[in-house]
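Please walk through this structure with me, beginning at the sheet and ending at the ligand.

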Amino acid sequence: MLKDDVAKILISEERLQARTAELGQQISADYAGQTPFIIAVLKGAYVFLADLCRHLTVPHQVHFMAISSYGGRSTQSSGVVRILMDLTESPEGQKVLIIEDIVDSGNTLDYILRNLRTRNPASIRVCTLLSKPSRREKPVPIDYIGFEIPDEFVIGYGLDFDELYRNLPFVGILKPEFYE
Ligand code: PRP
């Protein structure tokens, strides 16, 4: 079982669900009367997005970009960010809300923000489920943070190691023997 590879549960399913509901309410209040243009950053954000958008009471569009900065078996960002799949619709004039699973060094988000600003959206805000402030290399603005976490390699709820574990319903720490 995949969950047997987990050394410790950092954020339980119950806490994730409760915080996601809170974020959904807060975002809905902040965007009252508006139609945000959500950009979810694949792959990691898909689980959080699916839960969060069902707590949004405002109409919203959902769009996707796929970005990669980690190698498959690496536990650290390479710092080299690539767009693997771009938006299919222009965000020009739109109230963009970026959805991330985790902001670590900030390199990925910094790249996305710079890239999107050149496309003239009306506004850009950022919502991330997890943030590791101790690892930040680039100062990035984040409007909504689910949880600040310590510098541990986390998996589950969308986050992977070597493309596995994304389906775990909690955020956990992988046993070191799997990546050392
Ligand atoms: C993860 C995560 C963020 C990024 C954060 O993506 O989804 O996009 O790394 O790291 P950073 O702040 O150090 O740049 P990853 O490259 O692992 O791809 P994935 O979402 O497809 O798993």
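This is a predicted model: local features need pLDDT of at least 70, side-chain atom pairs count only at pLDDT 80 or more; totals for chains, interfaces and linings use all residues.

Residues are numbered from 1 along each chain as its sequence is written, and side-chain values use heavy atoms, with hydrogens and water left out.

An open sheet of 6 strands runs in the order S4-S3-S2-S5-S6-S7, with mixed pairing. Its edge strands, S4 (82–85) and S7 (144–148), each pair on one side only. Strands are DSSP runs of E with at least two residues, and helices are runs of H or I with at least four; two strands pair if DSSP finds at least two bridges between them. S3 (residues 61–68) and S4 pair in the antiparallel sense over 3 bridges, and isoleucine 67 stands opposite isoleucine 83 in S4.

The ligand is surrounded by 19 residues, the closest being Glu100, Asp101, Ser105, Gly106 and Thr108; a residue counts as near if one of its heavy atoms lies within 4 Å. S5 gives the largest share of this shell, 4 residues. A polar side-chain atom of aspartate 160 lies 3.1 Å from an oxygen atom of the ligand.

Aspartate 104 sits in the loop between strand S5 (95–103) and helix H3 (107–117). A polar backbone atom of aspartate 104 is 2.8 Å from a ligand oxygen atom. Aspartate 104 counts as buried because its relative accessibility is 6%, and buried means under 20% (1.4 Å probe, protein chains only).

Note on methods
Buried means under 20% relative accessible area, exposed over 50%, partly exposed in between (1.4 Å probe, protein chains only). A polar contact is a pair of N or O atoms within 3.5 Å; within protein, one must be able to donate a hydrogen and the other to accept it, and residues adjacent in sequence count only if both atoms are side-chain atoms.
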